[in-house]
Amino acid sequence: MDFSLSKEMRDIKQAAREFAEGEFRDIAHECDVEEKFPRKVFKKAAELGFVGVFIDEEYGGAGLGFLEHALITEEFWRVDPGLGQQFVSIPFGAEVLMLYGTEEQKRKYLPLIPAGDAIMGFAITEPDAGSDAGAGTTSAVLDGDEWVINGSKVMIGNGSSADFMLVFCVTDPDSEKKSRRHSVILVETDRKGYEADQMHGKMGLRASDTSSIYFTDLRVPKENLIGERGRGFSQLMNFFDRSRAWVGSQGVGLAQGAMEMAIEHVKGREQFGRPIASFQVTQFKIAEMATKIELARTLVYRACWMVDNGKLETAIVAMSKWNAGRMAVEVVDEALQLHGGYGYFNDQPIERFYRAAKVLEIYEGTKEVEKIIIGRSVLGR
Ligand SMILES: Cc1cc2nc3c(=O)[nH]c(=O)nc-3n(C[C@H](O)[C@H](O)[C@H](O)COP(=O)(O)OP(=O)(O)OC[C@H]3O[C@@H](n4cnc5c(N)ncnc54)[C@H](O)[C@@H]3O)c2cc1C
């Protein structure tokens, strides 16, 4: 058993840290307030090889794993969760293309992502279908050689900025099994009938694009179907088994960044004639934060390693994601507490981190959904 990262992994992590320090820190506040992200920084991130590292080399990626993607995610989120989210979600859904796309689809679309020539997304959630993704009603009807798509999606990452989007659609409404009614269809966003509205007023991750999408008689060639018709639900579950593994690293990075800010503050701030870092209560808080982060990091790395090494276990992935989200919410709460009233103002980055953390218990499967998965597995049901 060897728990250490390889030299290549440590180098990637260090390079991601330097990139985020250099490119995110100075613009993070402005991007949060103005709800925007700079496209030129995205291009630079791609040129330096940080985008979609898990995509196979034959499709233009680095051919690395989800663990390497998690290391980059951790370092980006450590500096700024909003910009971090935007940049690590550029390949969101590529896992599905890699697993189920035809050779032609993979050659056409995947190389655009690591090259920085395209942004993608995966549109699943609908106004009346969130945790219950299988209740989604956006429909795709085959008309000759084309799918005709109608419906709407909500809270979709990259909805307004993506060049193409994977869309979870009902193609077989009469199937007896709910799990055999949906398919995943690739939609280029410049097609007639695609409309997106960026959703403003997000609590956190405001630099990242989250949008509503509307499909009105949108037509795509029937070849845009990903994988087998009617197998969208099982493709979605297999996607979550991979994406949730690395999403946990968002919580690890956020908490690490928050703890570092708290440490800097308590060393500099004096009360009762001494630095607040010298109070044992403060030291206990930092000790608890550091331990929680290290535990979450270990489980996230393990989950990613298992996925990368063909040992995927859905329950371990769910544990790592749920635990990292909960841990991040707890750690950032104490980190802000240590800033006192100053942490309550938005000229302190800890305020931005505090707002960002909550989403980690909501998206990519709420904490309740993760616990349902874990419970079923542990109880053998
Ligand atoms: C910033 C952001 C980005 C997002 N990006 C994307 C994206 O790129 N693509 C996409 O498709 N979606 C995206 N989402 C949507 C996200 O995945 C959903 O918000 C999430 O799945 C929860 O669905 P919901 O909001 O409809 O909540 P609901 O499903 O309505 O849940 C509300 C509450 O009820 C609980 N609940 C629901 N069912 C059960 C149950 N069976 N047992 C116990 N409790 C239950 C939930 O845990 C939750 O606490 C994003 C959301 C946000 C906030």
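This is a predicted model: local features need pLDDT of at least 70, side-chain atom pairs count only at pLDDT 80 or more; totals for chains, interfaces and linings use all residues.

Visitor: What makes Ser278 partly exposed?

Guide: A residue is buried if 20 or more other C-beta atoms, placed from the backbone, lie within 10 Å of its own, exposed if 12 or fewer, and partly exposed in between. Ser278 has 14 such atoms within 10 Å and is therefore partly exposed. Ser278 lies in the loop between β10 (274-275) and α9 (280-308).

Visitor: Why are α9 and α10 called roughly antiparallel?

Guide: The axes of α9 and α10 (residues 314-338) cross at roughly 155° and come within 9 Å. Axes are lines fitted to C-alpha atoms, for helices over the stretch in contact, with angles from 0 to 180 degrees between N-to-C directions. Angles over 145 degrees count as roughly antiparallel, so α9 and α10 are roughly antiparallel to each other. The residues of their contact (C-beta atoms, placed from the backbone, within 7 Å) divide into 15 nonpolar, three polar and five charged.

Visitor: How do you know that β2 and β3 pair?

Guide: Two strands pair if DSSP finds at least two bridges between them. Strand β2 (residues 139-143) and strand β3 (residues 146-157) have five bridges, in the antiparallel sense. In one of these strands, β3, Trp147 is the bridge partner of Leu142.

Terms used:
Residues are numbered from 1 along each chain as its sequence is written. Helices (H or I, at least four residues) and strands (E, at least two) are DSSP runs, numbered from the N terminus. Angles under 35 degrees count as roughly parallel, over 145 as roughly antiparallel, 65 to 115 as roughly perpendicular and the rest as oblique. Ala, Val, Leu, Ile, Met, Phe, Trp, Tyr, Cys and Pro count as nonpolar, Asp, Glu, Lys and Arg as charged, and the others, Gly among them, as polar.
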